[in-house]
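Open the structure in your viewer and keep the selection tool at hand.

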Amino acid sequence: NPDTTKVVVTIKGHVDTLTFNGKNQSVHGFDFASSNEAYTLDFVNFTGDSVATGKDAKQFTMELADTNFKNVSVNYTNVEFNVKNGNLVILPKPVTLTVANVSKTYGDKDPELTYTVEGLVKIDTVQDELKDVTLKRKSGEDVGEYSITASVKGKSNPNYVVSTTKGVFKINPDTTKIVVTIKGHVDTVEYDGKKHTVHGFDFSSDCSSYSIDLVSFGGDSVVS
């Protein structure tokens with residue numbers, strides 16, 4: 001007669017955690033354990049697919065179920081299958097975005113802001129790129145150094161964890177020669193025994209952006 005003692009079979013699908021590499025990755029197989037050492041995997045008919053395959057950074061399951069396993073031994077008639085699904089977890093790949101340092105001469109237009117990314121993978125031989133990257137420099141037009149920061153929308157790049165390195169935007173002094181002409185005011189009056197005064201001067205520059213506001217005057221533009 002068959003053995004009617006309850007046999008508990010535990011199926012544990014394999015699990016693995018990998019990092020996104022732009023290619024399909026898989027985990028397959030399962031572990032078999034039985035409460036009766038005499039009851040082996042040879043007595044089981046498995047009709048499922050013990051593979052979890054994926055490319056993007058997320059979790060993929062094998063979709064194992066009790067119904068995938070059937071006892072085919074006539075010697076054991078009371079077999080229970082407890083199945084724990086297997087899965088593959090693909091983690092986002094760390095990459096580093098470095099903002100390039102740039103410079104300009106005072107008064108010029110800003111050059112294009114650029115960046116490089118280290119760690120991106122190739123997908124089907126095509127180099128991957130980050131999406132929705134925004135570069136912005138600290139405002140200011142005087143000579144000096146200003147930081148350039150990068151912001152990256154994580155939802156647009158789910159396969160990567162992006163760390164950023166700031167860049168420096170440098171504004172250099174304008175070394176072009178500027179000629180400033182100062183003409184003191186003049187006046188001619190007829191003597192009348194009273195004090196007369198003329199004061200002030202006219203300012204002109206051959207550079208439209210160079211104004212009198214950029215000049216320190218320490219004299220006295222008055223004659224009496």
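Begin by selecting Asp-132, which sits in the loop between β15 and β16 (133-137). Strands here are DSSP runs of E with at least two residues, and helices are runs of H or I with at least four residues, numbered from the N terminus. This is a predicted model, in which local features need pLDDT of at least 70, side-chain atom pairs count only at pLDDT 80 or more, and totals for chains, interfaces and linings use all residues. Residues are numbered from 1 along each chain as its sequence is written, and side-chain values use heavy atoms, with hydrogens and water left out.

Asp-132 is not a glycine, yet its phi is positive, at about 55°. Most residues other than glycine have a negative phi. Asp-132 counts as partly exposed because its relative accessible area is 42% (buried is under 20%, exposed over 50%, partly exposed in between, with a 1.4 Å probe and protein chains only).

Next, select Asp-124, in the loop between β14 (122-123) and β15 (126-127). Asp-124 is also a residue other than glycine with a positive phi, near 55°. Its relative accessibility is 61%, so Asp-124 is exposed.

Last, go to Asn-159, in the loop between β17 (144-152) and β18 (160-165). Is Asn-159 buried or exposed? With 12% relative accessibility, Asn-159 is buried. Leaving out residues up to four places away in sequence, Asn-159 touches Phe-20, Asp-56, Ala-57, Pro-92 and Lys-93 (contact means heavy atoms within 4.5 Å). Now show Ala-57: its backbone nitrogen is reached by the side chain of Asn-159 at 2.7 Å.

Definitions and conventions: A polar contact is a pair of N or O atoms within 3.5 Å; within protein, one must be able to donate a hydrogen and the other to accept it, and residues adjacent in sequence count only if both atoms are side-chain atoms.
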